[in-house]
Amino acid sequence: MPIARTRTKTKRTPFGRYSNYVSRLQDLMTDTVRGTNWDKRVVAALDGEANAQLRRLVTLKARRKFGAYFTGTKLSNRLLRRHTSFGKRSFIYDPSCGMCDLLLASAKKLKLEKNLQATLMQWGRQLAGTDLNPEFIEGAKRRLVLLARQRHKTKETIIGSLNKLFPHIKVGDGLVEKVLFQRATLLVMNPPFGRVAVPFGCKWAGGKISEAAIFMVTALERVRPGVKILAILPEVLRSGSFSEHWRNCVSDLAEIHQ
């Protein structure tokens, strides 16, 4: 008897439409024709366009629900000026990387290797990030390739898959991750600011609090002693009913420089 293959249902995500923009980044990444137009498109892709497209393609309700927003170039560069020690042994982790604005700012501090492929392989050994949304992770890797091509001023394209080039940038929950926290020599963070229920066993807050507060305490509990953390945090952590308990908890876990 004839048998027809059933249609596989794909799980839709709130950021499915954003895949169209990520596909455009793929085309730009593999384009071997460099020129003024390519340079202008790359500058836009690395500075502001990702956030503008997110606002255009994804509803405000979805962005608020999932805490989806991007840091931007200006603020990322400003934050990374707080750290000057970047070498081949640096391992930089962003537990909620989004489209990797903070990792891009970090990559600008890393030295170039002899060619594009070697640079990307070295960056892949040093840059790590997790995010719950696969569209953002795919876009993040493409933007890093664009930055490397821009800095090398080359028409070269990559050899091998992006997953092999950037094995530590992956879909994942930064609040669950442990290994990358332990490997980090520098932590960069702009965690979600939305209000969520406190995790079970939390001793410094109750009810609902800023998710950024949870990310910070989680990070401090998991990184090795001596690791520096650069973080963009909401103003609410300076005040509010739980803020004193949170600040006391952070002070017990870390030395606050600024």
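Mentor: The model is a predicted one: local features need pLDDT of at least 70 and side-chain atom pairs count only at pLDDT 80 or more, whereas totals for chains, interfaces and linings use all residues. Residues are numbered from 1 along each chain as its sequence is written, and side-chain values use heavy atoms, with hydrogens and water left out.

Buried here means under 20% relative accessible area, exposed means over 50%, and partly exposed covers the range in between, with a 1.4 Å probe and protein chains only. Helices (H or I, at least four residues) and strands (E, at least two) are DSSP runs numbered from the N terminus. The buried set of helix 7 consists of Leu116, Gln117, Ala118, Thr119, Leu120, Gln122, Trp123, Gly124 and Gln126. Among the elements that cover these residues are strand 1 (92-94), helix 6 (101-107), strand 2 (127-131), helix 8 (134-152) and helix 9 (162-165), contact being heavy atoms within 4.5 Å.

At its N-terminal end, helix 7 is capped by Asn115, which places a side-chain oxygen 3.3 Å from the backbone nitrogen of Gln117. Such a polar contact is a pair of N or O atoms within 3.5 Å; within protein, one must be able to donate a hydrogen and the other to accept it, and residues adjacent in sequence count only if both atoms are side-chain atoms.

Side chains of opposite charge can pair when their charged atoms come close. Glu113 and Lys88 are joined in this way, at 3.4 Å from N to O. Because Glu113 lies in the loop between helix 6 and helix 7 and Lys88 in the loop between helix 5 (73-80) and strand 1, the pair ties together parts that are 25 residues apart in sequence. Glu113 is partly exposed at 22% relative accessible area, while Lys88 is exposed at 57%.

Asp101 belongs to helix 6 and Arg143 to helix 8, so placed that the pair links distant parts of the chain, 42 residues apart. Both partners are buried, Asp101 at 9% relative accessible area and Arg143 at 1%. The salt bridges number 5, including one between Glu177 and Lys170 at 3.9 Å, N to O. Of that pair, Glu177 is buried at 13% and Lys170 is partly exposed at 35%.

A nonpolar core is a set of buried Ala, Val, Leu, Ile, Met, Phe, Trp, Tyr and Cys residues joined through side-chain atoms within 4.5 Å. The largest has 49 residues, and those with the most contacts inside it are Tyr18, Leu80, Trp123, Leu127, Leu146 and Phe166. Helix 8 supplies the largest share of this core, 8 residues. A second, separate core of 14 residues includes Ala205, Ile214, Met216 and Phe242.

Rings of Phe, Tyr and Trp (its six-membered ring) pair if their centres lie within 6.5 Å; planes under 30 degrees apart count as stacked, over 60 as edge-to-face and the rest as tilted. There are 3 such pairs. Tyr18 and Tyr21 form a tilted one, 5.5 Å centre to centre with 55 degrees between the planes. Both lie in helix 1 (residues 18-30), 3 residues apart, about one turn of the helix. Tyr18 is buried at 0% relative accessible area, as is Tyr21 at 1%. Tyr93 and Phe181 form an edge-to-face pair, 5.1 Å centre to centre with 85 degrees between the planes. Tyr93 lies in strand 1 and Phe181 in helix 10 (residues 179-183), so this pair ties together parts 88 residues apart in sequence. Tyr93 and Phe181 are both buried.

Technical notes. Salt bridge = Lys/Arg side-chain N within 4 Å of Asp/Glu carboxyl O.
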